[in-house]
Amino acid sequence: MLTSLKIENYRCFKSFELESLGRINLLVGKNNSGKTSILEMLEMLLAQNPLKSLEGILERRGEAIEINYHSGNVDSENQSNYLSAQCIFNGRLVIPERKFSTIGESKGIIEKFQVYISDHPDESEERIHFINELNYKLDNGFYVQIIKETNVNEEKAKMSASRQDIERLFLCKVNTLISTSIESNIAKELYGKIMFNAEEDDLLDALQILEPRIERVAPDTSSDFTNFYVKLKSESNRLPLSAMGDGMWRMLSIALTLVTSKGGTVLIDEIDTGLHYTAMVDMWRFIWKVAKKLDVQVFATTHNSDCWQSLAEIAEEEDTSENGITIHRIEKGASRSIVFNEKQMAIAAERGIEVR
């Protein structure tokens, strides 16, 4: 699990740090404070294909433009793809020698992701730690160099990092869930990965938070258009999940993303979207249980006071001594987050102190 994160020159962040990260980390703050940007940097940092993640982020924000680029050897044949550089840099300036980067650390393992703008391609052979290094030529003549690097701080690693820790960061699975939830065809694909496994029972537990009468849930495989159906107690006919409201689909999306991310990281933007405040405590209880069982680290954002107060309740009632639960308040222009640990969260909730 990541214990710290540093962001440089990305969107609204000139320089920003998050420390004391736990198993569950809830990001709160005003609109346009950078909460979603933090999730984006985490996605690119941990993804095995950071270019694909970057392109997906730009498309979700409506910032992507079609360009021609050179991949690897700059003399190679042009390929068409989507990449935009203007909005992703702090200050929205695209000039030579600009870069944005993020560095995450876990038990002495240091993972770095960097996007660098230059007026010439970098074909240096001196870099020895890079997993991925690609050059992309923009239409304006600049080159975008995308680098992913992993190093080990041997002093720290000797004390705490096992071979399994190192391999995990190299092979980390990162799944992102945006505020609009997942598409039905993706949900069907994820469901296929847990069918007849214990995680299928976990999925059912999550849906029963909103409707205790649900006995079974499954996708319809009889047509190309995917629908999910549920079977309710004492009812003979199946019922489309969509007939049970947006909150049910949101809960399915959260649960599917979580139970298919064993040993990885889950990023959830606006986690409370479509969910009533009365479901929040049980939602967090489910997330905490499954995250511990499957060794998943969770990062989520919210604007909702019920959401963070419900998490504070879980932090108080559960044994969070191992890896823990944290709230990070993100303030525009600040250099680091304001961290609330389990005890501070409980005090804030009890005394009505606003943490958002």
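This is a predicted model: local features need pLDDT of at least 70, side-chain atom pairs count only at pLDDT 80 or more; totals for chains, interfaces and linings use all residues.
Axes here are lines fitted to C-alpha atoms, for helices over the stretch in contact, with angles running from 0 to 180 degrees between N-to-C directions. Helices (H or I, at least four residues) and strands (E, at least two) are simply DSSP runs, numbered from the N terminus. Residues are numbered from 1 along each chain as its sequence is written, and side-chain values use heavy atoms, with hydrogens and water left out.

Take the pair α6 (residues 198-210) and α8 (residues 280-294): their axes come within 9 Å and cross at roughly 170°. That makes α6 roughly antiparallel to α8, the label for angles over 145 degrees. On the α6 side, Glu-199, Asp-202, Asp-205, Ala-206 and Ile-209 are in contact (heavy atoms within 4.5 Å) with a set in α8 that includes Asp-282, Phe-286, Lys-289 and Lys-293. Sorted by class, this contact has six nonpolar, no polar and six charged residues; Ala, Val, Leu, Ile, Met, Phe, Trp, Tyr, Cys and Pro count as nonpolar, Asp, Glu, Lys and Arg as charged, and the others, Gly among them, as polar.

Helices α9 (residues 305-317) and α10 (residues 342-351) also pack, with axes 8 Å apart and an angle of about 125°. That makes α9 oblique to α10.

Now for the pockets. A pocket is an open set of points on a 1 Å grid over the protein atoms alone, where a 1.4 Å probe fits, with protein on both sides within 12 Å along at least five of seven lines; lining residues have an atom within 4 Å of a point. The largest pocket holds about 1,000 Å³, the space filled by probe spheres set on the points. Of its 28 lining residues, Glu-43, Arg-60, Asn-175, Thr-176 and Ile-186 lie nearest the centre. Helix α2 gives the most to this lining, six residues, and the classes come out as nine nonpolar, 10 polar and nine charged.

The second largest pocket has a volume of about 630 Å³. Among its 29 lining residues, Arg-11, Thr-36, Ser-37, Glu-40 and Arg-61 are the closest to its centre. Here α1 supplies the largest share, six residues.

Notes
Angles under 35 degrees count as roughly parallel, over 145 as roughly antiparallel, 65 to 115 as roughly perpendicular and the rest as oblique.
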